[in-house]
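Please consult the sequence and the model shown below while reading.

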Amino acid sequence: MKLSSLSRERIFALALIAPCFLFVVVFAFYPILYSFYLSLHRIILGIPSLGQPFTGLENYRDLLHDRIALHSLANTLLFVFISTFLEILFGLIIALVINRHFRGRGMVRAAILVPWAIPTVVSSQMWRFIFNDQYGLLNYILYGSDTSRYSAWLADPVYAFSAIVAADVWKTSSFAALLILAGLQVIPDELYEAARMDGAGAWQRFRRITLPLVKPAILVALLFRTMDAFRVFDLVFVMTQGGPADSTNVLQFYGYKKMFTEGLMGYGSTISVVVFLMALAVTLLYIRVMGKGMLKAENA
Amino acid sequence: MKNLLRSVREYHMNEQGVRHGLIQGVFMCFFILLLLAPAGCTKKAEEGGTTLHFVTWKPNIPEAWEEIYSIFRAEHPDIELVKEVGPHSSTAFHDLLTQKLKNRSEDVDVFLMDVIWPPEFAAAGWAAPLDDMFAPSERKEFLDGAILANSYNGRIYGVPLFIDSGILYYRTDLLEKYGFSPPRTWREMVEQAVKITSGEAGKGVEIYGFSGQFKQYEGLVCDMMEYILSNGGNIINPETGRSGIAGKHAVEAVRFVRDNIIGKIAPPGVLTYQEPESLDIFIQGKAVFHRNWPYAWEVSNNPKRSTVAGKVGIARLPHFPGGRSYSTLGGWQAGISSYSKNKEAAWTFVKFLTSERIQKLLALKAGRAPTRKKLYGDAEILRAYPHFSGMKDVFLTAYPRPRTPLYPAVSNVLQRYFSKAISDPSSDIEKEAVAASREIDRLLALTK
């Protein structure tokens, strides 16, 4: 009787998981595999007479010699590195602030989440206005009504790239903060009390207690942010379309252009597969590091 | 943790009878819904009437289009016209429309096509050939360039709706004040702009010399082509069929734009401008010269939107010494999807949309230049747009962009090259031009 009820429970559990599993298979595994399949073919929508010849790894070889793809890759990596670093830094600072007890903390916590709750397309449009050369807020803050000194931020390759990073950092630092805050909240107060009795200063307490204990949370935030940063697309699409002079072109946007504008389905898929593999590699690396960190924390 | 799990399990066991049934029931419902959903989506409209899907973009002047739709609905009660409005930007609209066509969507019957798309749409099999319906005698009524733009390999794939070509807009009051007539060469335009802006700056009036479209997008190709051709250069060499952008004249023209226009008479911000932003500057009275399509006439002379209404003149675009003026051909066509199930109704709508009276309505109410030759002699149109008669030969001679099914890919190479060449003062234009040329030739070789 007991056994049968257990197995019934197991069947029920499987039934519960099934839709979710099906969902992942249909919307994640299948497209990834299909992209990989497409990436091994030459498919040009504009020339259907070409057919869909199997070309093996030719697309991948072309990608290695595609100077724009390599340039976009460099942009992507730079973007990932800078934006993730800043997001984790600001996220940690924000988390430390809102972890303290003060009047109106609830309000501040809610307010900090606002940027993250705004859809990226909307916030990109907003930042595009802020950086506008004629009526942008940034110019107004810097130069007031002296319009002759107004600068066209998005027309300059270096500023345009920085603008994209700034918009991303503004938007997602709060997400990092949220994850890190969760980590901070599980640190028992007793540790701090004990440290204070032993005469540890604020910096020492941060270095010796907060940082080591919040490390797993930081790693989780880092993982999420890195993966997201690799897939940056909407900011570029709305704010610059990759310009000026490709200074903000990133791999995902380049792939989109190849696939949806130029109709190069095979080559475009190759780019998505490469982005996917890179994100996957980073994830595996993080998980390994994180797994070790977790084990150590448990043993201690 | 273990305790928690145990208590959850016990809770479930206790209430199994009731709960299981309930949850499983909810589940079944969800599943059934999931299976039914696609069927619901593809359900066809009621029998009897025909539903016609028209994919169009967000218009500058929506009232004119609403009027057109209501006339059609009144005259064809048996056809239910459903419009799907895509983005205003040509590139974004292209991506949306081709996505639907790639999937052989039955929800597209009639669509608007930019002048550069027919070869691609024809080669990919998305646009239905219209030779049987669009008779050669009927085609003679249209401007030759517009018909050519819709032809591919001897067949015709669209009906021209309105035509665009690059025009120079200028401030009549300012040119008069400084004793200038509209510039004939680019150099003249730069000199006039410098004199006027410095003269005005002395009186405390801030004004730029020029505004145009120089963002990395399709419009950049249109603008740059006008400089290159008017210097005797070309994008694709008509004799060899290969890229001509690394030629001496082409490179010279690009260098002129970088050294004399961007950040000089035009604000550096033009590197981020498409049509609307560049027009904003002009209608706010902040630019002496402006390059745009014909619709800008309507907007810049509308006192509700423009501070310079009544002070706007138009002229042919300038050229370089020894060259002649060139305008890039633009404009939109109506096409029918190969996958449409209602080709007959679709043609009824296309014929209606491109008819004389509707083109006249579009000209009068939306400032769109017609594609039917006859309308350039129409008294009512000429009264509202006196420049149409003077500009007729600009429309007649407007120059098409390269005609190839791989145009989007060619265009992306061009956009990248032009953007790099004009936005980076230290870039080696010759070297960039050679590299871009090689890429274009490789693309062109694919279609041969």
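Four salt bridges are counted between chain A and chain B in this predicted model. In one salt bridge, the side chain of A:Arg67 meets that of B:Glu432, with 3.9 Å from N to O. The count of residue pairs in polar contact between chain A and chain B is 11. On the side of chain A that touches chain B, α1 (2-39), α3 (67-99) and α11 (251-261) of chain A each supply at least two residues. The most comes from α1(A), which gives seven residues to that side.

The extent of the contact is summarised in the table.

| Item | Value |
|---|---|
| Residues from chain A | 38 residues |
| Residues from chain B | 44 residues |
| Area buried between chain A and chain B | about 3,600 Å² |
| Part of that area on carbon and sulfur atoms | 56% |

Within chain A, the residues that lose the most area to chain B are A:Phe12, A:Gln134 and A:Glu262, together 15% of what that side buries.

The second topic is a helix of chain B. Helix α3 of chain B spans residues 62-75, and its 14 residues reach 20 Å from the first C-alpha to the last, close to the 20 Å expected. Its buried residues are B:Ala64, B:Trp65, B:Ile68, B:Tyr69 and B:Phe72. Seen down the axis of α3(B), these buried residues fall within an arc of 135°, so they line one face of the helix. The face turned away from the buried side of α3(B) carries the exposed residues B:Glu63 and B:Ala74. Among the elements of chain B that cover the buried residues of α3(B) are the strands β1 (50-57) and β2 (79-86) and the helices α14 (343-353) and α15 (356-366).

Definitions and conventions. Residues are numbered from 1 along each chain as its sequence is written. Chains are lettered from A and ligands numbered from 1 in the order in which they are written. This is a predicted model: local features need pLDDT of at least 70, side-chain atom pairs count only at pLDDT 80 or more; totals for chains, interfaces and linings use all residues. Side-chain values use heavy atoms; hydrogens and water are left out. Helices (H or I, at least four residues) and strands (E, at least two) are DSSP runs, numbered from the N terminus. The expected span of a helix is 1.5 Å times one less than its number of residues. Buried means under 20% relative accessible area, exposed over 50%, partly exposed in between (1.4 Å probe, protein chains only). The arc is that of the directions from the helix axis to the C-beta atoms. Contact means heavy atoms within 4.5 Å. Buried area is the accessible area (1.4 Å probe) that two parts lose on being put together, summed over both. A polar contact is a pair of N or O atoms within 3.5 Å; within protein, one must be able to donate a hydrogen and the other to accept it, and residues adjacent in sequence count only if both atoms are side-chain atoms.
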